[in-house]
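Please keep the sequence and model at hand while reading.

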Amino acid sequence: MHFITSELAKRGRTRFFSIGLSRLSEHRGDTRADLASCANRVETIDGVECFLWRTAWHPFNIRRQALAPVEETLFWFYRHLIPRIPKQWLSDADTVFIESGMAPVFIEDVRRLNPNARIVYLASDDLDVIDCAETIKRRFRANFDSIDTVRLPSRLLRQGMPHERNAYYIPHGIDRAIAERIYPDPYDNRRCGISMGSMLFDASFFTIAAEEFPDVDFHVIGAGKAADGLKAPNIIIHAEMPFAETLPYVQHAAFGIAPYLDRGTPRYLIDTSLKLRQFGLFGIPAVCPEFALGDQPGRCGYVPGDRASIRRAIQDALSHDEPIQPQMLAWHEVVDRIMTPDIYADTRL
């Protein structure tokens, strides 16, 4: 969303409305918690008007069929609490982008507030996979035909859509310029692996890897509470940091790590994992579970929890010496396709 938003800001007035931050989400480790002091007001960042909505509570997946009416009621109240400013933004917009997650519950509100707006659904994840509440999934199916364009970053996401009449395949992009600069080496001449983010984070990978490779440092950026139990001397934990600050860690790493848990993890990660794409852009090998290998060059697969396969994958990454040059769209090319998908043959499913 951030890369798409940055590109849209070059083309016209762009606003970003972020939901789901609350005292409840902060207690559960919401990585936006450090922005709480900036919430509930407009801040303009890099030409984008931003509104982070923070509440005392937010609705969540209750997981009990008997309490489905309660869950539905909580989402109904939350939808009707939208602050005045973002509600006006929705009314004024020419195009409204809705990302998978909690946001699809607002589709009908967008259409009611702005009957003429073009609605674009960014299917970053399957709603079942990310364990969305049944209320969100019901409202998504009920209002799916109000969506004008469905953007799928992987063809494998099509099965999570009610139909695909309005769907297009538009993969994630990459900013090629970020790999053309030389960044200072943060590693002090040590061989290092780098992991970024908290999605499906498997801490056990690092416990095993650190024991198997005591001469390699494993840097973990922005994993939040999922990394709390990692204590080995060659595991270095970093708080979440701005994207630009992560780039030196990637450029100078011996390999990247995508330590995804094996919990029915979706096959579409082959296409949608931004960290894997970033490793490819910088030309460093990636260590990842076998289910995320796909046919991309430079990926070294392991079986989560299997010590021998983790050892082999890291050894393969450390000895990898072939050029890694994956073909990827730039973000402006992604946005071109989202805005006018019919004129690009490569968007067809």
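## Cysteines

Is C192 buried or exposed? C192 is buried, at a relative accessible area of 1%. Buried means under 20% relative accessible area, exposed over 50%, and partly exposed in between (1.4 Å probe, protein chains only). The model is predicted: local features need pLDDT of at least 70, side-chain atom pairs count only at pLDDT 80 or more, and totals for chains, interfaces and linings use all residues. Residues are numbered from 1 along each chain as its sequence is written, and side-chain values use heavy atoms, with hydrogens and water left out.

A disulfide is counted when two cysteine sulfur atoms lie within 2.5 Å. By this rule there are zero disulfides. For C192, the nearest cysteine sulfur is that of C300, 17 Å away. C288 is in no disulfide either; the sulfur of C300 is again the nearest, at 7.8 Å. C288 is buried, with a relative accessible area of 0%.

## Salt bridges

The structure holds 27 salt bridges. Each needs a side-chain nitrogen of Lys or Arg within 4 Å of a carboxyl oxygen of Asp or Glu. R15 pairs with D92, their closest N and O atoms 3.9 Å apart. R15 sits in strand β1 (residues 15-22) and D92 in helix α4 (residues 84-92), 77 residues apart. Helices (H or I, at least four residues) and strands (E, at least two) are DSSP runs, numbered from the N terminus.

R307 and E212 form a salt bridge at 3.0 Å, N to O. R307 belongs to helix α11 (residues 307-319) and E212 to helix α7 (residues 203-212), so the pair ties together parts 95 residues apart in sequence. R337 bridges to D346 at 3.1 Å. R337 is buried at 10%, whereas D346 is partly exposed at 38%. A salt-bridge network links R79, E108, D109, R112 and R139.

## Helix α6

Helix α6 spans residues 134-142, and its T135, I136, K137 and F140 are buried. The buried residues pack against α3 (68-79), α5 (107-113) and β5 (118-122). Contact here means heavy atoms within 4.5 Å.

## Second largest pocket

The second largest pocket has a volume of about 250 Å³. A pocket is an open set of points on a 1 Å grid, reached by a 1.4 Å probe, with protein on both sides within 12 Å along at least five of seven lines; lining residues have an atom within 4 Å of a point. Volume is the space filled by probe spheres set on the points.

Of 18 lining residues, R277, Q296, R299, P326 and M328 are closest to the centre. Helix α10 gives the most to the lining, with three residues.
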